[in-house]
Amino acid sequence: MTTPENAAPGALPVSLPGVPAGVPAGSEIGPPPGALVGVEWLGARLGVGGLVVLDASVSAHRGAERRIPGARPFDLDGALSDHDAPAPHTMPGARAFTEALRELGVDDSDIVVVYDGAGIYSSARAWWMLRAMGFERVAVLDGGLPAWTAAGLPVEATGPAYDGPRGSFTARPRAGLLVGGEAVAAALTDPAAAVVDARTRGRFAGTDPEPRPGLRGGHMPGAVNLPFGELQDPDGLMRPAGELRTAFEEVAGGRRRLYFSCGSGVTACVLALAAELAGYEDTAVYDGSWSEWGAPSPLRPVATGPA
């Protein structure tokens, strides 16, 4: 699929094969209905001015051969992480984040939809980072690229990096959405808080090896386990809000202050997304996650076995 020669850089035709009729050309796009949007919502608005689609895929899905038409790379393995930090996928500072988003042509007034090639994996991290930098007009595409293609919606060959006009995005950091190890250590002894680990049950228990060399196996003493994949249905879509609430209540009880952790701060954000959908309002993500806590230095306490 190609963009007409007279279109603005990065723009798309409003009428696309396989895309349902929706917002007419020239219309103002309203904010997303919540933290999650379906492929029908995005398909009906693709190409409308003021809508930016970001591909936040990582690992094997990074730089895939196909993408949602016009998607721009939110590169968590590249410019959108602080590579001077000891833990992978660490949030960059406000200045670097501002520059990276401006390079992607994002304006403060835009609506942003993020997706990834795995389904809902790293896209939630991009959503949480944008919110942590004060940008609220952002949603995750439910089911990601697999759901998009399963619906028969169009894709295009992945081209060169975005080279359109620079954006006006300015980071306005919000305190408390991303936290460090000291805050998590305090939460582990707070009866009103729960630290919820998104890793698999084997990694949480310490029976399965960590994928990153040098990390100890196990979990933070007092943490609870809710693998992120259990919050999605067999098609890779987020489960209904009621089921998500039940899942959190089963591990956290009545505690309403939730801290999320995983391997490197990525899938912890899937839990943050699920908690948002379930109605939780007091949540935070441990940016260093197990890559920091499970490291040999500083030596933090580690437990093994199920929660």
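How many helices and how many strands does the protein chain have? Before I answer, please keep in mind that what we are looking at is a predicted model. In this model the protein chain has nine helices and twelve strands.

Let me turn to the overall form. The C-alpha trace spans about 60 × 40 × 30 Å along its principal axes, and the radius of gyration is 19 Å, which agrees with the value near 19 Å that a compact globule of 307 residues would have. Of those 307 residues, 51% are buried, and when we take the contacts between residues at least 6 apart in sequence, 75% of them join residues that are at least 24 apart.

As for the surface, the accessible area of the protein chain comes to about 13,000 Å², with 53% of that belonging to carbon and sulfur atoms. The chain carries 24 positive and 35 negative side chains, and the centres of these two sets lie 4 Å apart.

Now to the aromatic rings, where the count comes to eight pairs. In one of them, Phe74 and Phe97, the ring centres are 6.3 Å apart and the planes stand at 65°, and because an angle over 60 degrees counts as edge-to-face, that is how this pair is classed. Phe74 sits in the loop between strand 4 and helix 2, whereas Phe97 belongs to helix 2 itself, so that the pair links parts of the chain 23 residues apart. Phe74 is buried, with a relative accessible area of 0%, and Phe97 is likewise buried at 0%. Another pair, Trp127 and Trp128, is tilted, with 5.5 Å from centre to centre and 50° between the planes, and both of these residues are buried.

Technical notes
Residues numbered from 1 in each chain as written. Predicted model: local features only at pLDDT ≥ 70, side-chain atom pairs only at ≥ 80, totals over all residues. Heavy atoms only, no water. Helix = DSSP H or I, 4+ residues; strand = E, 2+ residues; numbered from the N terminus. Rg over C-alpha atoms; globule rule 2.2 N^0.38 Å. Buried < 20%, exposed > 50% of the residue type's maximum accessible area, 1.4 Å probe, protein only. Contact = heavy atoms within 4.5 Å. Areas by Shrake-Rupley, 256 points an atom, 1.4 Å probe, with all protein chains shown as cover. Lys, Arg positive; Asp, Glu negative; His and termini not counted. Charge placed at Lys NZ, Arg CZ, Asp CG, Glu CD. Phe/Tyr/Trp six-rings, centres within 6.5 Å; stacked < 30°, edge-to-face > 60°.
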